[in-house]
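Reader: Please take a close look at one part of this model, and set it in its wider context. Give me the cut-offs as you go.

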Amino acid sequence: MFKAIIVFIGLFLICADSSAATARQSVDTIISGGTVVTVNSAMDVIEDGAVAIKDGTILAVGKRAAITSRFGAKQVIKAQGQIVMPGLVNTHTHIPMVMFRGYADDLPLLQWLKEYIWPAEARFVKPDSVRIASYLAIAEMIRSGTTTFSDSYFFEDVVASVARKANIRAVVGECLLDFPTPNSKTSEEGLKYTEALIREYSGDRLVTVAVAPHAPYTCSPELLKKALELSDKYNAPLHIHVAETKDEVSDLELRFHMRPVGYLDSLGLLTARTIAAHAIQLDTAEIKVLADRKTGVAHNPESNMKLAEGIARVPEMLSTGVKVGLGTDGAASNNDLNMFEEMKAAALLHKVQTWSPTVLDARTALRMATIDGAEVLGLKNKTGSLEAGKDADIIIIDVDRPHLVPFYNVYSLLVYSVDGSDVDTVMVAGKVVMKDKKLLTINEQQALADMRALAQEIKKEASGLNEHLEGR
Ligand SMILES: [Zn+2]
């Protein structure tokens, strides 16, 4: 009798479980357990949380018990004891420049550009080298938790195709200049190339094509206007360096009797689709103009410090209502693409600048590296937070490491203690691109070997420059 009761109860439990299973909605993946940092508007942090994902889209975020009772998944990624958060958004970089990482450092900006970077770019930037560098840079970005990057360089069709293969989200913009570039003899050619790229990637889930005039001091007013027309025609982002140096300000004042922001505004270039990189040399009136035009800023604290260009007035921008995201700039002026470092640098730099430890707190820095950056790029509806309806761009951080114990406040931990190398798993639009610190969409050893071989070539051909470097 006792045995019969046990069997009966057992049968009842099996039936109850299978009926719950049939009632559960089938999804592709559930990330289950861990501290889920949503970065939604309420900044909800869910302990023992979970995320349900189908067709690359987040269906639901909530408590683990609630999610697992509603959804059943083919793939369950266990994240107990770890942090689950949105992937980081790098709003300004030049990823192929990893080929010049450490090539020439500790030099004044103009000497760095004129004597080293520009001649090296003229000689070595080709589709093949851009492909090699893109694989390496994307490997580095995925490893350090970046799931979206906004690039401006040459041969961006190559950057876009590598991004798509590696399955990372990208905003790519062919850098437009008045003078010939490694990819186009004239700015007209650059504009045509950009338009073809916009058409090619129209509707692409991962790749957005921007129009990317280099800067107000390297592009004529005519080129800037044509760039704006193209951006208007396709509703494309417009990515441009703005007010990076004092020289740029004095140059524009001399030529046009206007400061950079006023000058660009007079041409209509400042819109909600504009990504203004750097924006260091701004006065209060210019900050107000950026806020009024809803123009986003890509703040690059490490590059600005390394090139000694000054400190962007980020706290004032934020209090005036300017959208500000973070970027690494190219690896030649950083010298890496690690957004965790960038968050910490931003939080520290503005504290010391303003003599106030309360300025740019960890929550703000984290928002800048995620949702605010996504907004600057016009991708707020796709990425930057863990919310139903967005693409599943998610990273999982291993906190079982000495420098991450104890764990009191998740924002403090993420901004001041976590390093890029603590990222364990990375997913972009629902596809896992790194699992247990192993890259799944890039042959990493090949990427390292290819770059080492390319660097040998650069070193050999640039022997004159290297003699100078070694002599320093
Ligand atoms: Zn830049």
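Author: The domain bounds used here come from an automatic or database domain assignment. This is a predicted model, with residues numbered from 1 along each chain as its sequence is written. Local features need pLDDT of at least 70 and side-chain atom pairs pLDDT 80 or more, totals for chains, interfaces and linings use all residues, and side-chain values use heavy atoms, with hydrogens and water left out.

Start with the overall layout. The assignment gives domain 1 (2-81) and domain 2 (86-393). Their C-alpha centres are 40 Å apart. Domain 1 gives 13 residues to the contact between them, and domain 2 gives 16. Contact here means heavy atoms within 4.5 Å.

Now the close look: helix 6 (residues 187-200) and helix 7 (residues 221-234). Helices are DSSP runs of H or I with at least four residues, numbered from the N terminus. The two axes come within 11 Å and cross at roughly 10 degrees. Each axis is a line fitted to C-alpha atoms over the stretch in contact, and angles run from 0 to 180 degrees between N-to-C directions. Helix 6 and helix 7 are therefore roughly parallel to each other, a label for angles under 35 degrees.

Which residues make the contact? Helix 6 supplies S187, E188, L191, T194, E195, I198 and R199. Helix 7 supplies L223, K226, A227, L230, K233 and Y234. By class, the residues of this contact are 6 nonpolar, 2 polar and 5 charged. Nonpolar covers Ala, Val, Leu, Ile, Met, Phe, Trp, Tyr, Cys and Pro; charged covers Asp, Glu, Lys and Arg; the others, Gly among them, are polar.

Next, the cysteines. The structure holds 0 disulfides, a disulfide being a pair of cysteine sulfur atoms within 2.5 Å. C175 is in none, and the nearest cysteine sulfur, in C219, is 7.2 Å away. That separation is too far for a bond. C175 is buried at 6% relative accessible area. C219 is buried too, at 0%. Buried means under 20% relative accessible area, with a 1.4 Å probe and protein chains only.

Finally, L413. This residue sits in helix 16 (residues 410-417). L413 is buried, at 5%. Beyond its neighbours within four places in sequence, L413 touches I83, V399, L404, P406, F407 and V418. Q111 is 302 residues away from L413 along the chain, and their C-alpha atoms are separated by 39 Å.

Methods:
Helix = DSSP H or I, 4+ residues; strand = E, 2+ residues; numbered from the N terminus. Parallel < 35°, antiparallel > 145°, perpendicular 65-115°, else oblique. Buried < 20%, exposed > 50% of the residue type's maximum accessible area, 1.4 Å probe, protein only.
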